[in-house]
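This report describes a single protein chain for a reader who is new to structural analysis. Please consult the sequence and the structure shown here while reading.

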Amino acid sequence: MELDLTPKTAEAMFEGDGGGYYSWSTSQMPLLAKANVFAGRFRLHPQGFALPHYADSTKVGFVIEGTNGIVGMILPNSGKEVVLKLKKGDVIPVPIGTISWWFNDGDSDLIITFLGETSKALIPGEISYFFLTGAQGLIGGFSTELTSKVYHLNKDEVNKFTKSQTGALIIKLEKDQPIMPKPHMNLTEKLVYNIDVARPDNKVENGGLVTTLTEANFAFIGNVGLSVIKVKLQPHAIKAPSYSASPAVQLIYIARGGGKIEIVGLNGKSVLDTQVKAGHLLVVPQFFVVAEIAGEEGMESYSILTTTRPLLEELAGNASVWSAISPSVQEVALNVDSEFQKLFISKVKETTNLISRTTN
């Protein structure tokens, strides 16, 4: 069966004074449903506020832009709200069923891209949000009689409780409205991880860097059952082909710059060889091999793997599988003589999985 791996940009689902929400639908990208993954992005303008809600999927948020974001979360069965500060480079896991609200307290837009998995979602490949308040608020869907008895409110009070907020999804707060809670910085350090300043797994001058984030170095991400990879390539640098040896789907979001992505699947068939740019989303099916090539501006991508323990195997560089295969097996498998095998493996051991623009 043919797989359509063509990269896509998000479609606008909601736009207003406070900002907008954008997502990739399964009609646009059918493979999202097959792979049980999803992606969405919101942009909060200054004073933009995303109304309290919960969702049917686990996800990880990547702060693409902004320096003064605030998120409030009530984790399932916690009974308390934690308020966290967000800035560019932050990674924030959001477990399924968590109630959260989001606010931009800065002077420029706050942009957060969410990548997640939908194995328990109502609609495979898509996330469903349930809002507590606003035009789509859950409480407003109940009868006045029930709400009155549950909250001990009279009819007028119920009407004020359920209908005062006429906005939906994202609103803009006015200057005279209540000041948002201040972030708990000690909790921010535990529940938010800035991947921009993290020590990379591999860094090559003029090449770029690769940083992997798992529950081993960020315990809270284990709560969403996912792991994260950041790849930042300098202009014309290459991230060599690799695959996940664990049965995991990789969902890649191009955050900055652009270049080319190549994916090879069953029977050694190229299933994708295309240009990508900032805002593009791609799905890499289980066990398929992917490589990234940066363009003139370089390229920066964030991705999730649907596992807490990613096992990534490289097909090039000194840590690649070639370095482990015995010379005689290489000769037979490649149908080459020993002279070429020695030349080949010497070249392999000279590089890593990141190839700089200056490498011949």
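## The chain as a whole

Of the contacts (heavy atoms within 4.5 Å) in the protein chain between residues at least 6 apart in sequence, 74% link residues at least 24 apart. The model is predicted, so local features need pLDDT of at least 70 and side-chain atom pairs count only at pLDDT 80 or more, while totals for chains, interfaces and linings use all residues. Residues are numbered from 1 along each chain as its sequence is written, and side-chain values use heavy atoms, with hydrogens and water left out.

The protein chain has 360 residues, of which 49% count as buried, meaning under 20% relative accessible area with a 1.4 Å probe, protein chains only. Its C-alpha trace spans about 90 × 40 × 35 Å along the principal axes.

## Strands and sheet

The secondary structure comprises six helices and 23 strands; these are DSSP runs, helices (H or I) of at least four residues and strands (E) of at least two, numbered from the N terminus.

An open sheet is formed by seven strands in the order 1-2-3-10-5-8-13, with antiparallel pairing; two strands pair if DSSP finds at least two bridges between them. Strand 1 (11-16) and strand 13 (193-194) stand at the edges with a single partner strand each, so one side of each lacks a neighbour in the sheet. Strand 2 (residues 19-23) pairs with strand 3 (residues 37-44) in the antiparallel sense over five bridges. Y22 has R41 in strand 3 as its bridge partner.

Terms used
Buried < 20%, exposed > 50% of the residue type's maximum accessible area, 1.4 Å probe, protein only.
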